[in-house]
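Open the model in your viewer and keep the selection panel at hand. The stops below go from the whole chain to single side chains.

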Amino acid sequence: MQWLTIYKKECLESARNYKWVWVPLVFILFCIMDPLTTYYLPQILESTGGLPDGATFDIPTPPAANVFMMSISQINTLGVLVIALITMGTIAGERKSGVAELILVKPVSYTAYVTAKWAAHVTLVLLSIFVGLIASWYYVQLLFGDVSFIHALSTAGFYGLYIIFVISISLFMNTWTKTPGLVLFLTISIIMILNLVTSVFSHLLEWSPTNITSYLPSLLRTGEVGQDLWLASLFTIVTIVLLLFGAIQTLKRKEIV
Amino acid sequence: MLLTQNVLDIINENIAIIAPLLIIQLVLMITALVSLFRAETTNGPKWMWALIILFINTIGPIAYFIFGRSHES
């Protein structure tokens, strides 16, 4: 009951902030930008000019699956930044302004407070990403060729897991400091370091959460979920639970001063 | 002249494909403006945000939603 109340309050706040309008729109834009620009690249080059007369070069049309993956890599950079930006103040800001104190003075458990906030953000962001990726799938289907909808959906599902992981990192950082800017900085740096380490030691860290993205192209083409992907997903779920647990514990120990 | 003609041709031929993109950008801009007019205070002057939303495509409204809204309530 209590959990649902906080969850509803969070969703209401997101609606009042127009987040329920602009976050889905922005993710759709991110997702359809790449298929469109790739499709129109020859025309764009032609009309912007700069090529000497008679110069011709053929730009091979990329396979449909690659174009869909472009949308995902777009979310991986700009999308993750937007996610970090919208979650940076969710607990840190409330603690700074004293709203958290008002809430936690009532018999509200820290667990409910943290997990309800987490769930509210996960709902908003996952829905936005799914809508965006479906739009991207539609354009790829229209302009480039066949990509199985079921494969695209399962790709989006596994990618969603990685996004939940990103939100969890941000929420965990939220409990460590009261400054939203610092939360943003810490979240982005951790993801960048994870990406770097994983790409350097990729043969050793098959289970790393950031590796999920690199397993997605083969999932999209064949529809088969490889063993490495299962392992990485399992590890990601465990990490998400640990991050949430850690967040609750830090918040408890700080006792909201 | 020739160049703009060319671009217009491309847009005319492909309006069905490009339309959703334009509509989304328009909706984003309008929501940002509505939110701006209804807000009592913003971070920084309101007219500055109005200009940013109107003239910077896509990034402008996003920037307003993230940085422009003041959370003091």
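This is a predicted model: local features need pLDDT of at least 70, side-chain atom pairs count only at pLDDT 80 or more; totals for chains, interfaces and linings use all residues.

Residues are numbered from 1 along each chain as its sequence is written, chains are lettered from A and ligands numbered from 1 in the order written, and side-chain values use heavy atoms, without hydrogens and water.

**Chain A**

Select chain A and colour by secondary structure: ten helices and zero strands (DSSP runs, H or I of at least four residues for helices, E of at least two for strands, numbered from the N terminus). The C-alpha atoms fill a box of roughly 75 × 40 × 30 Å along the principal axes. Of the 257 residues of chain A, 51% are buried (buried is under 20% relative accessible area, exposed over 50%, partly exposed in between; 1.4 Å probe, protein chains only).

**The contact with chain B**

Next, show chain B and select the contact (heavy atoms within 4.5 Å). It takes 19 residues from chain A and 22 residues from chain B. The two chains bury about 2000 Å² between them, 79% of it on carbon and sulfur atoms; buried area is the accessible area (1.4 Å probe) lost on putting two parts together, summed over both. On the chain A side, pick Tyr18(A), Trp22(A) and Leu29(A), which lose the most area to chain B, together 30% of what that side buries. Zero salt bridges are counted between chain A and chain B (a salt bridge is a side-chain nitrogen of Lys or Arg within 4 Å of a carboxyl oxygen of Asp or Glu).

**The charged side chains**

Now select Lys9(A) and Glu94(A), which form a salt bridge at 3.0 Å, N to O. Lys9(A) lies in helix H1 and Glu94(A) in helix H4 (residues 92–97), 85 residues apart. Lys9(A) is partly exposed at 28% relative accessibility, whereas Glu94(A) is buried at 8%.

Then select Glu10(A) and Lys117(A), a salt bridge at 2.6 Å, N to O. This pair links helix H1 to helix H6 (residues 110–143), across 107 residues. Glu10(A) is buried at 5% relative accessible area, and Lys117(A) is buried at 1%. Salt bridges that share partners join Lys9(A), Glu10(A), Glu13(A), Glu94(A) and Lys117(A) into one network.
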